[in-house]
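Hi,

Here is the structure I promised to pass on to you. Please open it next to this email, and you can follow the notes below as you go.

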Amino acid sequence: MAETGASPLPPTPPAHSPLLRAEQFVWLTARVLEQRLFSYHFLNGGPDPVETALDAYRNEDGGYAHALEPDLRGPVSQPLHTGRALRILDAIGRCGGQRVERVCRYLTAVSAADGALPAVRPSQRGYPAAPFVPVVDDPPSELLATGPVVGLLHRNEVWHAWLFRATDFCWQEIDRLEKSHPYEIEAAVAFLDTVPDRSRAEAAADRLGRLVREQRLAALDPERLGVYPVAPGYAPREHHFPHDFAKSPDSLARAWFTDEEMTRSLDFLAAEQEADGGWPIRWRQWAPAAALEARPMVTIEALHTLRAYGRFVG
């Protein structure tokens, strides 16, 4: 018998529900930050607990560290950590105000001479990092690091002096892309989906879509992965699929793929949920803690994509 005055429990989804299985996986394995993100997105949780958890990763210089991006360990702020922090703030509607002003000051301080971001600064040296994230003395600016950050700031109508040169850098890098790899294309899409010059963005996205198909950067048939090359330096089965580029139907990258190709891609994504309720990581696993921390992040992203395409309501 229930206790007198106890609140009624919410209805329980069916045991086979992908969302319920994912929820159990998150409670079992995720960091506090991802637990609160899952609660915010799928259990009607509030944004304040997410921001409180995120603050634990913030440094006094306005950047973020402490393995927020699991493949970089240690206490020093890095652009890749800070980019992930901005994605979280954007997801909970907090990408603005003084918190983002602090972030922009950090971005200004760590940018290269051209005003854009390297992925990893030399301060990472001496702390553990994935072998596929090189630490060099004079790292170049990268679209991979800069594009998503610029895109998020434009999406939230943030205006800061740092954005002007960084936006120009992204346009220049995209305009000269002739050969690329999936993560760089994903970074370009993150920029193009929200940059204010929509006609230029649409034209650039059309060209990139042709490049993706010509260079077979997207695995269009998950049942025939052997015919699609894996980019140099990627893990043996680190393929990328249409849903990785077009994370929602509103993305400019959605036009790159037919309805049949996108359906196959989403079917494959849904089927990837493993017996424990989580989704796998496809990149190279180099340390147990990094892999364990990444899987809840990948799981939340998979659920987002499936929900964006109407594959479930939750």
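Let me start with a definition: rings of Phe, Tyr and Trp (its six-membered ring) pair if their centres lie within 6.5 Å, with planes under 30 degrees apart counted as stacked, over 60 as edge-to-face and the rest as tilted. By that rule, the whole structure holds 8 aromatic pairs. One of them is F245 with W256, a tilted pair at 6.2 Å centre to centre and 50° between the planes. F245 belongs to helix α10 (residues 242–245) and W256 to the loop between α10 and α11 (259–271), so this pair ties together parts that are 11 residues apart in sequence. Both residues are buried, where buried means under 20% relative accessible area, exposed over 50% and partly exposed in between (1.4 Å probe, protein chains only). Elsewhere, ring pairs join F38, F42 and F312 into a cluster.

Some housekeeping: this is a predicted model, in which local features need pLDDT of at least 70, side-chain atom pairs count only at pLDDT 80 or more, and totals for chains, interfaces and linings use all residues. Residues are numbered from 1 along each chain as its sequence is written, and side-chain values use heavy atoms, with hydrogens and water left out.

The average pLDDT (the predictor's confidence in each residue, from 0 to 100) is 94, and 95% of the residues score at least 70. Where pLDDT is low, the predicted coordinates should not be read in detail.

W256 turns up again in the largest nonpolar core, which has 87 residues; W256, I185 and W162 are among those with the most contacts inside it. Such a core is a set of buried Ala, Val, Leu, Ile, Met, Phe, Trp, Tyr and Cys residues joined through side-chain atoms within 4.5 Å. Beyond its neighbours within four places in sequence, I185 touches residues including L208, L211, F245 and W256.

W162 is also one of the buried residues of α7, as are F169 and C170. Among the elements covering the buried residues of α7 are α5 (97–110) and α8 (182–192). Helices here are DSSP runs (H or I, at least four residues; strands are E, at least two), numbered from the N terminus.

Best wishes

Terms used. Contact means heavy atoms within 4.5 Å.
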